[in-house]
Amino acid sequence: MLVLSRKAGERILIGDDVALTIVRVGPNSVRVGIEAPRSTNIVREELCDFGEAKQNSESNEALRL
């Protein structure tokens with residue numbers, strides 16, 4: 001994992017077409033802006049894990065039937 005220090009207003013470039021901008025740094029959170037092509041799927045990890053857990057649960061129920 002690459003760990004970088006950035007201040008508000010600074011950017012991180014990923015490849016040729018993705019840019020992360022540090023919008024605001026607070027005492028307990030960081031606000032990040034993401035510029036990427038519409039074809040790039042961007043999902044918060046906690047939402048992705050919930051969906052996968054739900055899908056696995058449904059798959060297990062279908063196997064029991």
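This is a predicted model: local features need pLDDT of at least 70, side-chain atom pairs count only at pLDDT 80 or more; totals for chains, interfaces and linings use all residues.

User: Okay! Which way do strand 2 and strand 3 run, and how many bridges join them?

Analyst: They run antiparallel, and 6 bridges join strand 2 to strand 3. To see the pairing on your screen, look for Ile22, whose bridge partner in strand 3 is Val32. Thr21 also has a bridge partner in strand 3, and that one is Gly33.

User: What about strand 1, how does it pair with strand 2?

Analyst: Strand 1 and strand 2 pair in the antiparallel sense, over 4 bridges. One example to find is Leu13, which has Ala19 as its bridge partner in strand 2. These two strands form a hairpin as well, with 3 residues between them.

User: Which residue in that turn has a positive phi?

Analyst: That's Gly15, with a positive phi of about 65°.

User: Can we zoom out? How many helices and strands does the chain have?

Analyst: There is 1 helix and there are 3 strands. Going along the sequence, the pattern reads β-β-β-α. The helix, helix 1, covers 45-64, and a loop lies between strand 3 and that helix.

User: How much of the chain counts as buried?

Analyst: 6% of the 65 residues count as buried. The chain exposes about 6100 Å², and carbon and sulfur atoms supply 51% of that area.

User: And what share of contacts join residues at least 24 apart?

Analyst: Looking at contacts between residues at least 6 apart in sequence, 2% join residues at least 24 apart.

User: Back to Thr21. Is it buried or exposed?

Analyst: Thr21 counts as buried because its relative accessible area is 18%, and the cut-off for buried is under 20%. You'll find Thr21 in strand 2, which spans residues 18-25.

User: So what is Thr21 in contact with?

Analyst: If we leave aside the neighbours within four places in sequence, Thr21 is in contact with Gly9, Glu10, Arg11, Arg31, Val32, Gly33 and Glu35. Gly33 in that list is also the bridge partner of Thr21 in strand 3.

User: New topic: charges. How many salt bridges are there?

Analyst: The count comes to 3 salt bridges. One is between the side chains of Arg11 and Glu35, at 3.1 Å from N to O. That pair links distant parts of the chain, with Arg11 in strand 1 (residues 11-14) and Glu35 in strand 3 (residues 30-35), 24 residues apart.

User: Are Arg11 and Glu35 buried, exposed or partly exposed?

Analyst: Arg11 counts as partly exposed because its relative accessibility is 40%. Glu35 also counts as partly exposed, at 44% relative accessibility.

User: Why is Arg44 called exposed, while Glu46 is partly exposed?

Analyst: Exposed means over 50% relative accessible area. Arg44 has 52%, so it counts as exposed, whereas Glu46 has 48% and therefore counts as partly exposed.

User: Last one: which residues form the nonpolar patch on the surface?

Analyst: The patch is formed by Val25, Val30, Val32, Ile34 and Ile42, with about 410 Å² of accessible area together. Its largest share, 3 residues, comes from strand 3.

User: Where does Ile42 sit?

Analyst: Ile42 is in the loop between strand 3 and helix 1. At 47% relative accessibility, Ile42 counts as partly exposed.

Conventions. Residues are numbered from 1 along each chain as its sequence is written. Side-chain values use heavy atoms; hydrogens and water are left out. A salt bridge is a side-chain nitrogen of Lys or Arg within 4 Å of a carboxyl oxygen of Asp or Glu. Buried means under 20% relative accessible area, exposed over 50%, partly exposed in between (1.4 Å probe, protein chains only). Contact means heavy atoms within 4.5 Å. Accessible areas come from the Shrake-Rupley method with a 1.4 Å probe; for residues, only the protein chains shown count as cover. Patches are made of residues with over 30% relative accessible area and no salt bridge: like charges are joined within 9 Å, nonpolar side chains (Val, Leu, Ile, Met, Phe, Trp, Tyr) within 5 Å. Two strands pair if DSSP finds at least two bridges between them.
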